[in-house]
Every structure is written in structure tokens, then in C-alpha cells.
Amino acid sequence: MTIARTLDDACVALAEHPDALLLAGGTDLMVGVNRGQVGFDHVVVIDRVDELRGWRREGDELVLGAGLTYAEMGRGELPVLLPALAQAARTVGSPQIRNAGTLGGNLATSSPAGDTLPVLVALDATVVLRSSHGTRKLALDRFVTGVKQNALEPEELIEAVRVPVLDGPQEFLKVGTRNAMVISVASLALVVDRAGRSVRVGLGSVAPVPVRAVEAEAFVDGAIDWDTGSAPEAAVDRFAGLVAEAARPIDDQRGTATYRSHAIGVLARRALRRAFPGGAP
Amino acid sequence: MSAGPYVLRVNGNDHEVPDAHLGESLLWVLRERLGLPGSKNACEEGECGSCSVQVDGELVCSCLVLAAAGVGREVTTIEGLAPDGELADVQRAFVEAGAVQCGFCTPGLIMAVDTLLDDLPDDGSDPDDLIVREAISGNLCRCTGYGRILEAVSIAADLRRENRT
Amino acid sequence: MTDVRTEEPRTVQGAPRIGESAPRPDGIPKVNGSFAFSSDLWHDRMLWGGTLRSPHPSARIRSIDIGPAVAVTGIHAVLTSADVPGSPTYGLEHADQPVLASDVVRYEGEPVAIVAADHPDAVRLALDAIVVDYEVTMPLVDPGVAESSDPIHPDGNLIRRIHLRHGDQEVVGDVVVEGTYEVGMQDQAFLGPESGLAVPAEDGGVELFIATQWLHADRDQVAACLGLEPGLVRLTLAGVGGAFGAREDLSLHAHLCLLALHTRRPVKMVYSREESFHGHVHRHPARMWYRHHADRAGNLVRVEARLLLDGGAYASSSGAVIANATCFAAGPYRVPSADIEGVVVRTNNPPCGAMRGFGAVQVCIGHEAQMDRLAAALGMDPVELRLRNVLAPGDRLSTGQVITGTAPVAEVLRSCADHPSAASLPGDPMSLPGGAGRTADPAHVRRGEAIALGFKNLMFSEGFDDSSSAICRLEGGVATVTCACAEVGQGFVTLAQQITREVLGVDEVVLAPAATATMGSAGSTSASRQSWMSGGAVQAACEEVRVRLLARVADDRGVDPDELVLVEGRVVSLSGDFEADLASVTAEAIEAEVEFRHAPTSPLDENGQGDAHVSFAFSAHRAIVDVDRDLGLVKVVELTTSQDVGRLLNPLQAIGQIEGGAAQGVGLAVMEEVLVLDGRIRNASFTDYLVPTALDMPPVEIAALIEQPEPGAPFGAKGIGEPPCISSTAAVVAAIRAATDLDLTHVPVRPTDIALAGA
């Protein structure tokens, strides 16, 4: 086992043990370990690597360390800069999970129900990957490639996520059948870029990977009165319909495809209305 | 595969852990190797809170902590909340309020409430009901319906305030 | 001889007695982590056990090859059905369930082989290494066709049918309402998973430390399977992390003993949560059809019902559950005519059996929905309709039994309905349906309110020969009480101390461990029976000690025993001649053992008629809910309840039972369902089987605890554990109906039932 203190430590250990288990908060990984479903010979522990902790602002971008915990996403200035991320983080598991679980872990697990992923996809986030061979960057939609599958190479780890600082409201809504500690049945992040006059929508738990509702975005960008910040009711309806069409949900033990399609439309309508209250009937 | 020996600091004492398997969780090592079974094993996937402990002062599920990765951390379990033979404020409050029935969730809940009271602003006000409920929402209790537990939180908050002043 | 205590105002001197909120004797060990639950046990040279379970709900076993498992490093035993020396099957009512499957598996998760090893990792490897050749067969998963399908068990697919007919069978009401209802499978979801430790004994027997509800029934079943005399199988109660019915059947008991006897080593086994879902019985899923007849004034004229419960693969206590469902199908109302058929069948679904409420929960959902429909059809207020029909002492149940005890049903209902609500309108988004998910818009949230009434029998029924035994020993002024009653969290240990203090006036009461070797049976911790049965046994044993004590002192002093009373820990002569403290007159111990029985009951006849039950307890719940109609999400805002308790023995513990039972009712109403598809459980985890968190459970307002002492019950107290989870579910579901104007016939109400209604 390696307890890495620096990014270089971690990369060297990964280069030596390409199949090692990379352990940060443990909130996903240890579930499999406890069940004996995860085989491994070596563990690289990265929760003490300072370079992965916290976040910083670089111009119009935020660099979020992979070790940023869900609890930290809701503290200090971050809820102001990235309200949707803070809202999403508050829905993750329990206080215990939010203290331990990390942004990098959410990405590495690449679950369709990962709560931060709709926010990151809506923000056009870039994932920064690091190995002893160097650094590479991938757009989020190229990073997550399938259900619990991603582009992470054996020797790589997630160093950070870069997202833009936008001027405009952000919303995250998540449907679960319990008021706390629940896996998402459907979730939606909506971010507004007032300067770019665009609305961006990320969807969770309604497709194998977090998806953008591209057609809905294109439609609503043109339907919003950007000067007054209002959206006509008919446009909200059409937007909700287009968002629902972007979903490709399945039936599982948490909900049916029909319900998910329906719910994602409701979430879309509500999120848009919260962002653009003007024009409501 | 062996992970030992390593040393865990639990409740202020260093414990040598020889011959452990690498995949063992902190919960397992506490319970089965260190003779500290107060932290409970109800789901082993972070969905019940029964195994809650404080690691460096933060509330976590010990079932989701790889024990060997806890080296150099300060772990506090239910057994370490008060000196032997004494009860901490939250423990007293749970007894007094009738917050204990079968008791399986109790250690984890007490750790959660202890953490909550540490984190609350010390402004003399009663903790807000929703804040308390959210703080213990990761701890399932199947016996009480939470009513007496919320009462215990209120009593414990008073006790802690008295202790501070 | 009179007990002077009852004639005087109670003064608290020393430890709390009956009627006071005595603290739990196990409270401090439970808060400081030192209380030993069954999963905390440890023994020198202890091995770990594990269970191989069938992945198929229905299959024939062609062969089992344990060779590769035996070869795993650290393995000490791999056992199959061939290694079961005694009875190959066990069961509470019928011994129909294999200890280990031999030729056929009948449900997903059925135990097929067991192993013992020196580390759980080795257990896991060995379980993976066992090769079972299954010939998968088509599972029978629809209870509706079970009776007409090929039998999946030598005992057949019908477990029990009761056809209750009461009164005039031709009568028809002016107003008739009909409905069908479905209740999903609920899990007890106790927090402490099945676990125990078996230690082989030198005499060829075995010591089993186990979390259970009924030590002696376990012992008899385990001994039969081991082929040992019951005396050689010695069970001791280990700390129980909740039960709620799920520990009334055997789970790992026989397996642990087999492994310990085979390896000659102590063996510990702890189920994982997933395994726990497969390892115990659940609440029966139900399909119910009802037709209620009333006259125009709202008097019930006739109730017809067809109840079908899915018993799953083995009988467990299904026969008693369907009896309850059938007997209480019409609810706590006067019903002059009834035709109620209750059927429970065998399928390849997970076995079902006891869970808190035991058959009364399912039918309460049905009869209360029907009462609301009837109120709507009559244009009557639902509370008024119920008040017009509620049972009262002297009334007859649909079983023909006359209620001879207390039945303050109207008081329970009226006090609950009249209680002012403290519910405020939602403010913080966290308090809206959907909680932290921030899905709700206040403008789209609708509030609903409704009330429900329920009841249930206390104790076992239908002529069951029920008893509990206790020993009281008074020595040096300290009382020691021994009783095999399983403390599962309900607080019997507190009550036993309170009762002993009350009767003997002592302060110090020691409770001996509950074990089969030292005591006769206390019966099961179920059916709301232990306060009455084991409480009664403790009371009677203490009374006997008191009588003997006074006789001894009278003899010593040469006075008539009637001249002596026991007051506040002192023996006092009424003439005022002398006083003696207990410690001095009990230097030589006085001990009494008493077996306590309730009044006998009778079986049901071929028409489901008979005095089958001992006593009844009633409760009402009023629920206020907020519903997000578009997403189908529900927030239960407030529950108000009244309950018939006979007499309060410990108010704080009573509140705990009432709030806790309501939480299980809320869970069943809005989120709890074991999802079974083609015989397989799809949500065997706390990730996907959701139980209420602190953010889901509303405050429970207690409107009234009606104290009308029950004749025949020790101290007049009725059991209080079950009613809270009977009427609570029905009330919450009715409130959701009120908020949505939807019929909502499936419980739990799923988001899709609301959001996509009519779609």
C-alpha cells in the first residue's frame, strides 16, 4: 500500500502498480471491497495529497481539486460561484458520505446516477488527468464513456476539474423516493450564461452517461427574452418537452423509463422557471 | 493479502494491527482486531450510519474507510467519547430522553450528534429542527421513529451549552 | 391481604415503579458501546461461518461438489444437507423448510451449503468454490394461480384457507362500494443483521448465543435438526438489534450449531445486509377485494372480502397471519353480516411470515379505504361514519366473538380527530416533498389530511396453549428475576424491574440472562404479548415471594400473616408492633417460580367463528401530507395518534413504541417495498430498500393514550407495540388520496402511481 503525499508520489506508485486500487474517499470503492467484489494487490491512497485538495480560481475558470469533498462543495464561496454544484453535493448520500466522498471519486465511478455529473456536463467541464507520463485534458462528455466506464488509463488519476465561472442562475434538481440519502431517479442541472446568452442543461440517471439536452438548449436560447430575463409559458412547455426527448431512460428498481421521462420534463420546466421567473402566467 | 503490521490511533491510544488483510475496513478492524465493537455493522455500504466514527474530527462511516489507510489519523469511536465509567453529554441525553430501544443504531447516532453539536454555532439558541434532522439523516433508526432522538439532541445541546459556560 | 400501595398516592422513593418512566437498565451499556449484540460476540479459536444460497427461485439440484471449497486455505468445514443428522426440515407451524436444500430449491437465497473458516475472506473464497449443478425450473411467482398450479412442495401450494361467514348471508345494503387493493412486501429491516455464536460443549451438546424472539421455540427446532435432546442445545439470548417479527423463525441457528459440532470449534456467523433480506421472512404481500354494504344512515350492513396473501416458499407463520387478516378484515366496526375468505398460498417468492401488525396491517389498508369510499358514497364525514359503526364492549366481531374486555374505540377515534394540528405550512425547501433534491415548487404542492382506525388481537389466538414463566428470588433485600423473555428493544427489561419493585417494594432488581438452560419458555416476543404474559409471570412470581415472605415473618413473630404488609421495602405489622427491613428478613433467600397463562381461547370453526382471541387493542392515526402531484413525491407533515393502552406502565417507553411503530407505517405507506421480479429480490440493500430517515419522519402528536384497565391483564395494561404500525399506513395513504383525488390502490404509493395516474 502506498499513502501518497504528493501527486508525484501517487503517479510513481501508479506507474509501478498499474492495477492498483486508487483510494480517495472510499465511499464507492469500499462497498465493493466489503463485498469481496473488488480484487486488488495494491492500494494507492490519495486522500492526503495536498495538490488534489480544495479549489482555486484561475481567471474565468475554477480549478476544482479531485479531492474536493461534497461537504466542501457547500462551504465558503463555492455555493456562490457554483450554486448547482453545491446543491447537487447536498443531495449526495448522508453527512458521513459527504465528508468523505470526492469530486474525483464521483467522476471515476462514472455512475449514471453520479450527482455532480449533470452539473459538470452542463458546465462543459474539462477533466484534468495526470500520470507519470504527463497531463492530459478531456471534455467531460469524452471522459465518461458508458455506465461506470470512463477514459481513465490504468496509470492515470484525476487531478482536477476545470469549470467556467458563469454569470447567471444555476439550478440542480434531483428526484428520489426519500427525502434524504437516496440515489437519484432523475436529476437535472441547468446553468445560465448571461454573457453568452445561453442555457445549458445536464441530465442524470436518464441515460447511460450524463447527457446534455442540446436541442432544448438551442431552442430556449432563442426563446428567452434576455433583456428582461423572462420566458414565455409556451417556450417553457416546449423546452420541457425537448429535454424529456433528450432522455434515454431505462426501467430499473428505482423507477420506470416512463416515469423518468416524465419527471425529467417536470424538472426542466421547474428549473427554467426558477431561472427565468419572468413570463410566468 | 497482508497489510500489516500498522498502527492506528484510536481514542487517543496507538494500537498495533498485526496480520491484517489489506481489504479490511476500519469498522472490521475496530470490531474484530482491536476489541472495540461499539461501532456497528448494519449495512457495510454507507447507507445506515451505524458504524459512524470521527476521523480527524469528521463524521464518517467506518465501513467505508480502508483500515490500513487510516494510519496517522485520529479515530474517535463511541468507546472514546467519555472516560471509562463516565458518560458524555450526548450519551446521558440519549438515556434520559428514551432515545434508546434496541440500541443498534445508538452508537452511530451519538457520534453524529456529538459532531453536530461541535459544529453548531455557540449562540445559545436551540439547534434548528431541520438542521438536526439533516445532520442525523444518514443514521437509520428502525425502533424509535426519531422522536425521542430529536428530544435527546435538544437535551444534549443544553448540556453542552452548560458545559461551555 | 391487600396491597396498601394501591390505596395510597404514589410517592417515588428510590427507583421508579409501575406507571413511571423508568430508565432502561440496558441504556448505559447501549450508549457507551459496551452492550454485546449478537454480532459483537467473540471467542478464542473462533471460526467464521458462511452460507451458500441458491441464485435461483426454482431449481432442481443435480449435484453439489464441495471438493474445491474444502481445498481452500483456512477452511475447516463445508457442509450440505447430507450432514444434517436430525430432521432435515424445520418450521414454526409446519416443519416444511429444509435446513439445507437437498434436491430442490424453492426460493432465491435458499441455503444450500455452509462453511466455516478462520477468516471471512476464506469463507468467501470457499463459498465461491462450491460447484452446484442446478437444473433451473420455471418458478411459480403469481399467488393468483398457485392453487391451480403443480405443487412446488410435498405439502401442496395451499397453506391455509379460512372462509368466515357471519350473520345473514342474503342481506344487501342500500349503498354498496367495492374496491381492490394491493400491499407490497415489507421488510422488517431491523438494524442488527442475523448473527450468533455457537460453542460446542463437552457433553456433546452445543451452546448457542443468538439474537431471537423466542429462545425455546428455536431450541426445539434446532435440537430436532441436530438430532439432539433439547437439553443438549442451550440457547442464551445475545443482544438483539431489533426484531419486528423477522427473528421469530430460525435463520442461521441450526447452521451455526452444525458447524460448531462438526469442527469442535466455536463458530460465529453474521449475515450481510443483502443476505439478511434473503435470510428472514417478510410481511406478506396482499391482494384484497372488498365490498361494503351500508344503509342510507351509514350503518354497516355487510362486508364481503377476498384476501390473498403470498406466503412464499415455506409456511412459517402464514397460517396465523391469514387468520388475523381474516378475523380483522372488517376493521373495528360492528358488522352484522360478513363473508370473508382468506387464503395464503405457497409460491417461489421469498418466504413471508411474522412482521409487527401480523395480518392486521394489510387489511387495515383495505377496510379503511373502503370506509372512506363509503363515506364519499353516502356524502358523510368519514369520522362520523366510523363513529356510527365502531365496536364497543359487548359488541360482536365478525367471528361471532363478543368483546368482553375494554374497547374504547370511539374515544380513540374522537380524541384523535379532535386534536388540533400543529402542522405549519412548509417553508424551507428541505421540508417540501423531495427534500434536499429541491424538486418541489410550493405552488404545485397540495396538502391532504385523513384519518384511519385499526385494531388487532393481543397474544396468540385460536386455542394456542400459551404461557410464560418467571422466577423471582429475594435475598438480602435484592430481587433477582429470571425469565426467558427476549428483550428485542421493546423494554421488557425495564418493565420487569418496575413490576418487581412495585410488588416487593425493593429498589434493587437484578435481571438474570434469558436462557433455555435456566428457565422454561416465556413464549415469543411478538403479538404484543410480553407485557401481559411475561409481565404477568414476573408479577405472579413476585406476588408469590411476597406471600411466602410475609408467612415467614408471621411465623417468626408468631402473628397472623394477614396482620403484615410490605411497604416501601419494609415488613410492617398493622398493629404497629414491629417493622423489619427486607434485607434482614431475606438473609435466607425466598424464591418462587410461576407459570402464567392467559384466559383460554378456541379455534375457529368451519365458518371462521369462535372465541379465538384474548384481547384487542385499538388505535387511530390522522395524517397530514404534502404531495407534489407532478412528480408523485410525498412529504408526511404530521401524524396524530390516539391509542387504547389499558394502562400505561412506562409512559416514555410507550411513546417510543408509538413513534417507532408509526415510522414503520409511514415507510410502508410511501417507500418500503421488497421488489420481487420473477422470484428475485431486486432491492436487497439499504441503498434500494428505503426506510424513513429523520427527514422523512414527521413529528408524532399523541392526542390521547386511553387508559381503561383491561380485565385479566396484569396491571390492566394492553400491549402497545403493534397498533402504531397498523392504522398509520392507512392514514397516510388516505391523506395522499385526499391531496390528489386519486384512488391509489397500491401500497406503498409509488411516485409513478401519482405522477402518471391516468396517463
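# Questions on rings, cores and contacts

Visitor: Which residues does Gln362(C) touch, not counting residues up to four places away in sequence?

Guide: With those neighbours set aside, Gln362(C) touches Val183(C), Arg283(C), His284(C), Ala286(C) and Met288(C). Please keep in mind throughout that this is a predicted model.

Visitor: Why is Gln362(C) called buried?

Guide: Gln362(C), which is found in helix α8 of chain C, has a relative accessible area of 1%. Buried means a value under 20%, and therefore Gln362(C), at 1%, is buried.

Visitor: What makes Ile250(A) count as exposed?

Guide: The cut-off for exposed is over 50%, and Ile250(A) has 54% relative accessibility, so Ile250(A) counts as exposed. Ile250(A) is found in the loop between α11 and α12 of chain A. Leaving aside neighbours within four places in sequence, Ile250(A) is in contact with Gly255(A), Thr256(A), Ala257(A) and Arg260(A). The C-alpha atoms of Ile250(A) and Ala207(A) are separated by 7.5 Å, although the two residues are 43 residues apart along the chain.

Visitor: How many aromatic pairs does a search of the whole structure find, and what makes the pair of Trp226(A) and Phe276(A) edge-to-face?

Guide: Over all chains, the search finds 15 aromatic pairs. For Trp226(A) and Phe276(A), the values are 5.6 Å centre to centre and 90 degrees between the planes.

Visitor: Why is the pair of Phe35(C) and Phe37(C) edge-to-face?

Guide: The ring centres of Phe35(C) and Phe37(C) are 4.8 Å apart and the planes stand at 70 degrees, which is over the 60 degrees required, and the pair is therefore edge-to-face. Phe35(C) counts as buried because its relative accessibility is 19%, under the cut-off of 20%, and Phe37(C) counts as buried because its value is 2%.

Visitor: How do you know that the charged end of Lys30(C) sits over the ring of Phe35(C)?

Guide: The charged end of Lys30(C) is 4.7 Å from the centre of the Phe35(C) ring, which meets the distance limit of within 6 Å; the term also requires a position within 35 degrees of the ring normal. The charged end of Arg529(C) likewise sits over the ring of Phe460(C), 5.6 Å from its centre.

Visitor: Which residues touch the most other members of the largest nonpolar core, and why is this core said to lie between domain 1 (6-80) and domain 2 (89-164) of chain B?

Guide: The core has 159 residues, and those touching the most other members are Phe94(B), Tyr290(C), Leu307(C), Val625(C), Leu639(C), Val732(C) and Ile736(C). Helix α8 (residues 360-378) of chain C gives the most to this core, with 10 residues. Domain 1 and domain 2 of chain B both give residues to the core, so the core lies between them. A second, separate core of 155 residues includes Ala10(A), Leu52(A), Leu157(A) and Met46(C).

Visitor: How many residues of chain C are in contact with chain B, and what area do chain C and chain B bury between them?

Guide: On the side of chain C, 58 residues are in contact with 47 residues of chain B. The two chains bury about 4100 Å² between them, with 61% of it on carbon and sulfur atoms. Within chain C, Val31(C), Leu191(C) and Ala694(C) lose the most area to chain B, together 17% of what that side buries.

How values were computed
Residues are numbered from 1 along each chain as its sequence is written. Chains are lettered from A and ligands numbered from 1 in the order in which they are written. This is a predicted model: local features need pLDDT of at least 70, side-chain atom pairs count only at pLDDT 80 or more; totals for chains, interfaces and linings use all residues. Side-chain values use heavy atoms; hydrogens and water are left out. Rings of Phe, Tyr and Trp (its six-membered ring) pair if their centres lie within 6.5 Å; planes under 30 degrees apart count as stacked, over 60 as edge-to-face and the rest as tilted. Buried means under 20% relative accessible area, exposed over 50%, partly exposed in between (1.4 Å probe, protein chains only). A nonpolar core is a set of buried Ala, Val, Leu, Ile, Met, Phe, Trp, Tyr and Cys residues joined through side-chain atoms within 4.5 Å. Helices (H or I, at least four residues) and strands (E, at least two) are DSSP runs, numbered from the N terminus. Domain bounds come from an automatic or database domain assignment. Contact means heavy atoms within 4.5 Å. Buried area is the accessible area (1.4 Å probe) that two parts lose on being put together, summed over both.
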